[in-house]
Each structure stands twice: as C-alpha cells, then as structure tokens.
Amino acid sequence: MNGHGDLNNTHAARATTILEVDPKYSNKSLAIDAHEDEASIREHYRPFLLPTATEDDWIANLELATTLKMVESEILDKKQDRLRILVLYGSLRNRSFSRLLAYEASRILFRLGCDVRVYDPAGLPQKDDVQHEHPKVQELRELSKWSDGHLWVSPEQHGNLTGLFKQQIDWIPLSSGSVRPTQGRTLAIAQVSGGSQSFNAVNSLRILGRWMRMFTIPNQSSVPKAYTQFTSEAEGSRMIPSSNRDRLVDCMEELVKYTIVMRPHFEVFGDRYSEREERRQKEAMKE
C-alpha cells in the first residue's frame, strides 16, 4: 500500500501465471504452404499474401509461441480443420487503410495457421429485398456460413462505421432456413481513423456483433491517424512499429485462442430454451 489504499482492488485479483516462451516456436509459421493450398482460393481470397518471404518481415519475426503451440496441439496435431476466419473491411478507396489493416491482421492469422479468406466488397449491391441471388450477396453469405470466426475492420467516417461496412452485415441474415450464418462464431473488431484516437466505430461494431449473436473478443484495435501508420506504397504499405501495431497482434492472438476454445462447442451455443419450447409447442399441435 502507498497510503492511498488499494485503489485498483488488486488484492481481489485472481493469481496469474506468466507463461514461459518455448524457443521451439521462435519464428515458426503454421501457414498453409502454397503447394497445399487450393490455387483458386489462394488467388481469390488471399490478396494479403506477399510475393516473397523476407527475413526482415515484422510478422515473420513476431514472438507468438503460446498461440502457435496452442494451434499445433489443439488443431493440427489432432488433424482437425484449420480455424476458418472471414475478414471484412469497409472502404473501396485505392489506398484504403481499413483494407491495409485487414491485410496485416490476415498475415498474422495466416502465420498462426488459420484458413483466412478476405471478402472484396466491390460490386456488392445496395441492400434491398430483391437481390438476394446476386453473386456478391451469395458469396458473402456462403463465406459467413463457412467461417468459424470473423474479423471486421471499418474506417470511422463522420463519427461512425461506413455505410459500405454496414451494408455487408445487413446482407447476412440472422437465419437462413435452419442455418444461422453468424450465431456462435467469434469476432474480432478494429477501426482506422483519419484523426485522433476514437472508439466510435469499434463500439458500433461490438453492438453489431452482439446483434448477430457472435462472441466478440474483449480486446479491440483502434488505429488513429492511419495515414501515418503505414509505409508508402513503394515500400509495400506495411504497418510501422508502434503500440497500435502491438495491439493488433494482441487482438489476433486473442481471436485465435477464443476460437480454439469455443469451436468444439459450437452446437451448444446455438441451443436455446425458448427455441426448444417453440419446437415442443409446434410438435404438440401436430399430435
């Protein structure tokens, strides 16, 4: 005590253990090898992949031992499907910082062994009641059904997320027949801003995630003055070292950990008393 009392109530905190870094996983990558990857998927859904791997790539040099070990032991060693992560971003600008952030996050997830697919929103029609069969709408819905978790990245524009991003979520139904394209899936959220630090967009994304019956991870990424946080196009548009970049890594590790824990219980999270009761009443009426 410093004479001011236990202001943070630390005496009530649960004891934690600092996990030791296993040197076996230093610079290790669990990414899908090109020869194992489906060529059409790699070309269409993995625009974040770099043409050549370099030793000075910041993502290749991240210390991710705990999460890598967890993925290896809980997913790959057990011959389970890789975690399937759908990535959505909210801008069509040529130099879109939400897309650049989504690509950097995707590279982290890919190194952590995830099957990462980025949806390109270009060509998605305005939400209405007649274009449900549009190819871009069907593509988005199928990707959501395929996924185990999502990453949503939106710019903050006029104090909130963009219309383009919201439109993508509006095209994903809460239910489609007996299938719920988002229920029970994990979700990580991030935003980019042109100005100072803000959390308006991520707050809205968190509300959207709850409405879509998803489990949004506690952590989140908000990148202020995004135009200062990436190298030039000539230098590859990569994220520069900063606490913002570190937070992005935290979020991607957390998304993977939560998805590993929750995926085996996917059906349990979709089971509700109210729906069981509704089915029971319908069955009783048939008798």
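Start by selecting helix H3 and helix H7: H3 goes past H7 in a right-handed crossing, meaning the near helix is turned clockwise from the far one by less than a right angle. Helices here are DSSP runs of H or I with at least four residues, strands are E runs of at least two, and both are numbered from the N terminus. You're looking at a predicted model, where local features need pLDDT of at least 70, side-chain atom pairs count only at pLDDT 80 or more, and totals for chains, interfaces and linings use all residues. Residues are numbered from 1 along each chain as its sequence is written, and side-chain values use heavy atoms, leaving out hydrogens and water.

Keep residues 97–111 (H3) and 243–262 (H7) on screen: they pack at about 50 degrees, axes 10 Å apart. The axes are lines fitted to C-alpha atoms over the stretch in contact, with angles from 0 to 180 degrees between N-to-C directions.

Now show side chains. Leu-101, Glu-104, Ala-105, Ile-108 and Leu-109 of H3 meet Leu-248, Val-249, Met-252, Leu-255 and Val-256 of H7, contact being heavy atoms within 4.5 Å. Nine of these residues are nonpolar, one is charged and none is polar.

Next, pick H2, residues 65–76. Ala-65, Thr-67, Leu-68, Val-71, Glu-72 and Ile-75 are its buried residues (under 20% relative accessible area, 1.4 Å probe, protein chains only). Their cover includes H3 and H7.

Last stop: strand S1, residues 84–89, with five of six residues buried. Zoom in on Ile-85, whose bridge partner in S2 is Val-116.

How values were computed: Ala, Val, Leu, Ile, Met, Phe, Trp, Tyr, Cys and Pro count as nonpolar, Asp, Glu, Lys and Arg as charged, and the others, Gly among them, as polar. Buried means under 20% relative accessible area, exposed over 50%, partly exposed in between (1.4 Å probe, protein chains only). Two strands pair if DSSP finds at least two bridges between them.
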